[in-house]
Amino acid sequence: MEKIKAGTWVEIEKIILQPEQRASTLPEDTKKVPYVLKVNGFLLEDAELGAIVSIRTLIGRELEGTLKTVNPSYQHDFGKVVPELLSIGLEEDA
Amino acid sequence: MKKRDLSYDAVMGRKNEIMKASLGIDYEDYIQSPIAFDYERMMAETGYTHEDVIRIQHETKVGNTPLFELHNLTRAVRGISPPGKGARILLKDEAANASGSFKARRASISAYEAAEKGFAGMISATSGNYGAAVASQAAQRGLKAIILQEVFDSRGVGQPEIIEKGRACEAYGAEVLKLTVGPELFYLLLRTLEETGFFNASLYTPFGIRGVESLGLEIAYQVRTDYGKEPDAVVITHAGGGNLTGTARGLLAAGCESSRIVACSVDLSGLHMASDTDFNRKSFTTGHTGFGVPFATWPDRVDVPRNAARSLRYMDEYQLVTQGEVFYATELLTKLEGLERGPAGNTSLAAAMTLSRQMDQDQIIVVQETEYTGAGKHQNSQLSFARENGIEVRRGDPAENVPGESIVIPERLEQVRGKGQDMDSLRLSYLKNAVRHYPMEKWSPSDIEFVAADINKGESWVRQQMAEMQSTAEADH
């Protein structure tokens with residue numbers, strides 16, 4: 001597998017609490033799944049996807065976790081057009 | 001050095017010491033009993049006067065936001081109102097603050113305090129606009145910032161609105177800890193405070209609330225200057241209670257004693273706030289009843305020993321609106337008033353459209369905030385996402401709206417109605433919560449006095465309700 005170069009902007013993942021370690025008051029669906037953290041930072045040493053790695057975050061903290069994504073990007077957008085919205089405000093007698 | 005126990009119970013058990021170190025406030029000094037504390041003294045002893053707050057906020061691009069009259073929307077509302085009705089609707093454009101929301105007011109004093117006390121950084125657990133506000137204020141004060149966010153469900157699917165807020169935090173240079181659904185956010189907050197020694201920029205400290213008081217002061221000043229009178233009603237989107245508490249305190253400090261304080265939340269009743277599967281069935285991530293009702297009826301459920309946001313003290317009325325009504329109000333603001341703003345901030349606008357119809361034309365109703373908009377934080381993003389998650393989206397009567405199943409967008413202005421909540425039943429819920437925390441038999445006269453002030457009701461009413469609860473409990477025995 002290809003090595004990701006140190007210094008690359010990446011996302012790591014870490015399980016903070018396994019289902020049995022979680023708070024006791026959770027609803028059933030949440031109780032079944034682990035409590036998971038994801039965080040972005042610069043990779044400290046060359047590594048492959050899926051390896052346990054360390055990163056340096058934007059404020060300089062070093063955190064450890066499983067290497068998940070290279071160059072994590074924001075893909076959120078305005079979504080597919082919702083035609084129901086388009087005529088609002090054109091109908092009102094202003 | 002002995003390694004700290006990082007298990008859930010161990011960290012939660014160290015809550016008080018972690019809080020004390022990360023805030024510099026000794027809450028013990030104010031606490032009088034398990035339910036009562038010296039609220040006004042705690043607020044006064046922040047050490048910041050209103051003049052200080054305004055000066056500090058001006059340094060970091062906060063405050064003095066415009067107050068606009070919504071002429072076209074007011075005219076549209078008058079067109080469907082009884083003769084003589086249809087109060088003037090004014091809008092406080094809080095999107096003009098650095099980071100794009102009123103939350104900058106809340107973060108600004110904490111950032112100043114953290115820098116003054118020599119902390120290297122500040123931390124907050126929030127999925128709201130507050131994260132970007134903390135990050136932006138920290139950047140300006142030369143502090144590091146860590147934001148903990150509940151972003152995605154166990155499938156890794158994130159709420160578009162929260163993803164955008166996370167992006168903004170990162171844009172301002174913060175470290176963003178992105179988490180799955182669960183109240184353990186608080187556990188990780190404590191762990192991170194302990195690890196870093198950073199300042200706890202909780203939403204619920206006296207600094208946070210003091211920072212919002214300037215919003216109430218500005219509204220009072222601007223309405224008096226422009227209209228020569230006081231606002232008749234101020235509508236405030238309500239979740240954790242800080243927006244309402246701070247604004248109302250500011251209005252009172254400015255002498256606006258007759259202004260009606262109206263809380264407003266999006267009705268999401270029936271959806272569980274800690275549920276992994278309900279998480280992405282909500283199209284509002286804040287300003288909704290999932291926070292608004294529990295925080296009003298028991299404020300001390302927060303990340304500090306005593307909450308400085310105590311909404312029932314100041315609330316005269318509590319309106320609920322549906323998600324569809326808020327999206328409709330957002331579209332009207334855009335198309336009739338030429339202002340594109342984020343939907344969550346327009347919750348109070350939807351309620352104001354209803355209330356204006358019941359008020360006289362010479363009266364003034366103020367919608368006290370807006371927030372920025374953009375990819376993710378937009379009615380089209382949120383409705384498109386709702387559809388992808390199996391929620392039915394259609395035009396119709398918003399009364400048919402079912403949270404988590406359907407979003408019904410009004411077809412006409414007349415269908416925007418909102419729904420008032422019974423204030424006394426909210427007060428009674430508070431009272432029951434208080435009794436759950438501290439058995440009634442142990443209450444002293446000063447506990448009763450505190451509770452009466454905290455729910456804005458006479459002591460005799462409190463005593464009467466206590467007697468009724470007592471006799472019900474005996475009958476059940």
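In what order do the 7 strands of the open sheet in chain B follow one another? The views below, taken from a predicted model, begin with that sheet.

**View 1. The open sheet of chain B, with mixed pairing.** Across the sheet, the 7 strands have the order β1-β2-β10-β7-β8-β9-β13. At the edges stand β1 (67-69) and β13 (419-420) of chain B, each of which has a single partner strand, so one side of each is left without a neighbour in the sheet.

**View 2. The pairing of β9 and β13 in chain B.** Strand β9, residues 317-321 of chain B, pairs with β13(B) in the antiparallel sense, over 2 bridges. Within this pairing, B:Gln319 has B:Gly420 of β13(B) as its bridge partner.

**View 3. Helix α11 of chain B packed on the sheet.** The helix, residues 242-253, touches β7 (233-237) and β8 (260-266) of chain B, and its direction makes about 155° with that of β7(B).

**View 4. The contact between chains A and B.** Chain B gives 53 residues to this contact, and chain A gives 35 residues. On the side of chain B that touches chain A, the elements giving two or more residues include the helices α5 (71-79), α8 (160-171), α13 (323-337) and α15 (379-388), together with the strands β4 (144-152), β5 (175-180) and β11 (392-396). By class, this side of chain B has 23 nonpolar, 17 polar and 13 charged residues.

**View 5. Strand pairing between the two chains.** Strand β2 of chain A, residues 35-43, pairs with β5(B) in the antiparallel sense, over 2 bridges. Here A:Lys38 has B:Lys178, in β5(B), as its bridge partner.

Methods. Residues are numbered from 1 along each chain as its sequence is written. Chains are lettered from A and ligands numbered from 1 in the order in which they are written. This is a predicted model: local features need pLDDT of at least 70, side-chain atom pairs count only at pLDDT 80 or more; totals for chains, interfaces and linings use all residues. Two residues are in contact if their C-beta atoms, placed from the backbone, lie within 7 Å. Helices (H or I, at least four residues) and strands (E, at least two) are DSSP runs, numbered from the N terminus. Ala, Val, Leu, Ile, Met, Phe, Trp, Tyr, Cys and Pro count as nonpolar, Asp, Glu, Lys and Arg as charged, and the others, Gly among them, as polar. Two strands pair if DSSP finds at least two bridges between them. Axes are lines fitted to C-alpha atoms, for helices over the stretch in contact, and angles run from 0 to 180 degrees between N-to-C directions.
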